[in-house]
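This report describes selected features of the structure shown below.

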Amino acid sequence: MNLITPDSGLLFWMVLIFGIVFFILAKWGFPAITGMVDKRNAHIDESLRLAEEARVRMSKLAQEQEELIAKTRQEQARILKDAAQARSEILAQAKEDAKAQTADMVEKAREQIENERETALRDIRRQVALLSVDVAEKVLREKLSNDQAQQALIDRFVNESRSNS
Amino acid sequence: MRGMRKIMILLMVLLSPALLRAEETDIGKVIFDHVLDSYEWHITDWKGKPVAIHLPVILIDGGIKTFNSEHILETGEYAGYHIAPEGAPHEGKIVRADGSKPFDISITKNVLQLFINALLLLVIVLLTARWYRRHDALKEHPTGIAALMEPLIMMVHEMARENIGEEDYRRYSPFLLTVFLFILFSNFIGIIPFFPGGANLTGNIACTLVLALFTFFTVNLTGTKHYYKEIFSPDVPGLLKPIMAVIEFFSALVKPISLTIRLFANMLAGHIQILCMVCIIFILSKYGPLMTGGATVISVFFGIFLDVLEVLISFIQAYIFTMLSSIYIGMARQKAE
């Protein structure tokens with residue numbers, strides 16, 4: 001049998017068998033496989049795309065969250081600061097008020113004390129006056145045994161009280 | 001290194017008596033008997049008698065005539081037919097009494113190998129397809145036969161996409177896949193040295209010619225207008241046009257021939273190389289037992305090397321045939337810019 005002459009029998013069988021195999025595989029074999037794998041590849045691509053999108057969205061969310069937290073912190077700090085300020089203001093106000101009130105009260109107390117003292121002094125003065133009048137009367141009752149002396153003394157008193165008043 | 005040498009010498013001594021009985025052999029005949037087609041499938045010799053499958057002879061000679069090849073091989077003549085002797089026009093074939101050849105579609109060794117390969121290919125690919133029908137590929141990774149076949153199939157599928165273009169590669173990918181897997185399986189099975197493999201199918205020019213013609217007709221029957229314009233009226237200055245047209249026309253004709261010869265020659269050469277390595281033992285056996293042992297060791301080492309190389313070449317040749325086919329198809333699918 002010759003090496004490089006194509007043998008007609010094998011040619012015939014080859015065409016027939018290869019044709020049949022090709023027909024069967026092209027109809028029921030390869031399209032099922034490649035179609036499925038192509039579909040799977042598309043599915044994988046799609047899934048990867050979605051995952052990427054989700055990742056981007058997640059990172060955006062995280063960023064937003066961070067921003068929100070930062071903002072909240074700022075707000076908190078601001079509120080705390082305000083509160084501290086308000087507290088110190090209120091305290092200062094209260095202190096001032098208290099001081100003013102105290103001063104007022106002290107003033108009033110002083111006035112009262114002054115008044116009391118005045119009244120007391122007046123009382124005392126009156127008492128002293130009465131006492132001294134009494135004493136004087138008693139002394140005078142002794143001394144003024146005569147009318148002359150009495151008159152002289154009255155005059156002097158009148159003068160004195162006049163110059164006093 | 002010294003240990004290695006010791007082992008080699010030991011092997012030589014051990015192997016030498018086994019082959020003492022090897023007689024003078026016509027090496028050329030042995031090799032060509034192995035790579036050529038035949039009417040029987042010789043499996044082995046058992047107790048001096050050949051064990052062979054005698055295949056049916058089918059002749060179309062004014063009606064279909066069939067008989068067992070055993071008859072004609074034993075006596076050399078049967079029912080008015082005989083096997084053409086060496087030097088005759090149809091050497092080794094069954095011919096009529098006057099030496100002319102009837103249309104011979106006998107189930108020869110290569111044809112039986114073709115049946116086996118085709119069956120194997122069908123079973124494997126259809127089983128793979130069944131896996132994809134029964135499983136949801138979107139939820140499971142391929143297992144078993146699908147895991148084995150998917151990379152090969154998708155490799156060719158992607159090659160078709162690259163070379164033919166996104167638009168209509170799906171129409172051609174089944175053809176390219178069939179060609180690729182057929183050549184790959186045939187090449188691999190051809191390396192197996194015993195039944196049901198070992199017939200030199202892809203190293204037979206008829207087989208590769210048919211494959212190349214399938215490609216040729218696929219290319220030329222589905223070519224675009226642009227493709228034919230490039231062949232018969234290429235875009236060159238006036239005087240060059242007829243010359244270029246002739247060149248283009250012959251290049252289109254030569255493509256299938258180059259496909260045929262490349263695959264055929266590569267696979268045939270591979271088979272002959274391995275057979276030569278084995279035959280070194282028989283050639284050197286007449287120089288004594290030690291020489292035989294040495295030759296055995298060497299031929300086993302080189303045989304392993306060549307077998308591994310042959311596996312690589314089997315894949316490469318299948319790949320090249322498919323890739324060139326897809327490129328030719330891609331060229332024929334070009335559209336005018």
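## Helix 7 of chain B

In this predicted model, helix 7 of chain B comprises 17 residues, 205-221, and reaches 23 Å from its first C-alpha to its last, close to the 24 Å expected at 1.5 Å a residue. Helix 7 of chain B is largely enclosed by the rest of the structure, because twelve of its 17 residues are buried. Among the buried residues are B:Ile205, B:Leu209, B:Val210, B:Leu211, B:Phe214, B:Phe216 and B:Val219. B:Cys207, B:Thr208 and B:Thr215 are likewise buried in this helix.

## Chain B as a whole

Chain B contains ten helices and eight strands. Its C-alpha atoms fill a box of roughly 75 × 60 × 50 Å, taken along the principal axes. Of its 337 residues, 35% count as buried. Among the contacts in chain B with a separation of 6 or more, 62% are accounted for by residues 24 or more positions apart.

With 23 residues, helix 6 of chain B reaches 32 Å from its first C-alpha to its last, close to the 33 Å expected at 1.5 Å a residue. Helix 6 is mostly covered, with 18 of its 23 residues buried.

Which residues does B:Ile183 touch, not counting residues up to four places away in sequence? They are B:Thr202, B:Leu211, B:Leu263, B:Gln317, B:Ala318 and B:Phe321. One of these, B:Leu211, is among the buried residues of helix 7 of chain B.

## Packing of helix 2 against helix 9

Two packed helices are described by the angle between their axes and the distance between the axes. Helix 2 (residues 27-35) and helix 9 (residues 240-284) of chain B pack at an angle of about 145°, and their axes are 10 Å apart. The crossing of helix 2 past helix 9 of chain B is right-handed. Helix 2 of chain B contributes B:Ile27, B:Val30, B:Ile31, B:His34 and B:Val35 to the contact, while helix 9 of chain B contributes residues including B:Leu268, B:His271, B:Ile272, B:Leu275 and B:Phe282. The residues of this contact divide into eleven nonpolar, two polar and no charged.

## Individual positions in chain B

B:Asp168 lies in the loop between helix 5 (145-164) and helix 6 of chain B. B:Asp168 counts as partly exposed because 13 other C-beta atoms lie within 10 Å. B:Tyr319 belongs to helix 10 (residues 289-332) of chain B, and B:Tyr319 is partly exposed, with 16 other C-beta atoms within 10 Å.

B:Met244 is located in helix 9 of chain B. B:Met244 has 18 other C-beta atoms within 10 Å and is therefore partly exposed; the cut-off for a buried residue is 20 or more. Not counting residues up to four places away in sequence, B:Met244 touches B:Pro234 and B:Val236.

Is B:Pro89 buried or exposed? B:Pro89 counts as exposed, because there are 11 C-beta neighbours inside 10 Å. Its place is in the loop between strand 6 (81-83) and strand 7 (94-96) of chain B. Leaving aside neighbours within four places in sequence, B:Pro89 is in contact with B:Ala84 and B:Gly99.

The table lists a C-alpha to C-alpha distance for each of these positions.

| Residue pair | Separation in sequence | C-alpha to C-alpha distance |
|---|---|---|
| B:Asp168 and B:Gly330 | 162 residues | 9.6 Å |
| B:Tyr319 and B:Ala269 | 50 residues | 18 Å |
| B:Met244 and B:Glu230 | 14 residues | 9.4 Å |
| B:Pro89 and B:Gly99 | ten residues | 7.8 Å |

## Contact between chains A and B

How many residues of chain A are in contact with chain B? There are 33, and they are in contact with 42 residues of chain B. The residues on the side of chain A that touches chain B divide into 24 nonpolar, six polar and three charged.

Methods. Residues are numbered from 1 along each chain as its sequence is written. Chains are lettered from A and ligands numbered from 1 in the order in which they are written. This is a predicted model: local features need pLDDT of at least 70, side-chain atom pairs count only at pLDDT 80 or more; totals for chains, interfaces and linings use all residues. Two residues are in contact if their C-beta atoms, placed from the backbone, lie within 7 Å. Ala, Val, Leu, Ile, Met, Phe, Trp, Tyr, Cys and Pro count as nonpolar, Asp, Glu, Lys and Arg as charged, and the others, Gly among them, as polar. Helices (H or I, at least four residues) and strands (E, at least two) are DSSP runs, numbered from the N terminus. The expected span of a helix is 1.5 Å times one less than its number of residues. Axes are lines fitted to C-alpha atoms, for helices over the stretch in contact, and angles run from 0 to 180 degrees between N-to-C directions. A crossing is left-handed if the near helix is turned anticlockwise from the far one by less than a right angle, and right-handed if clockwise.
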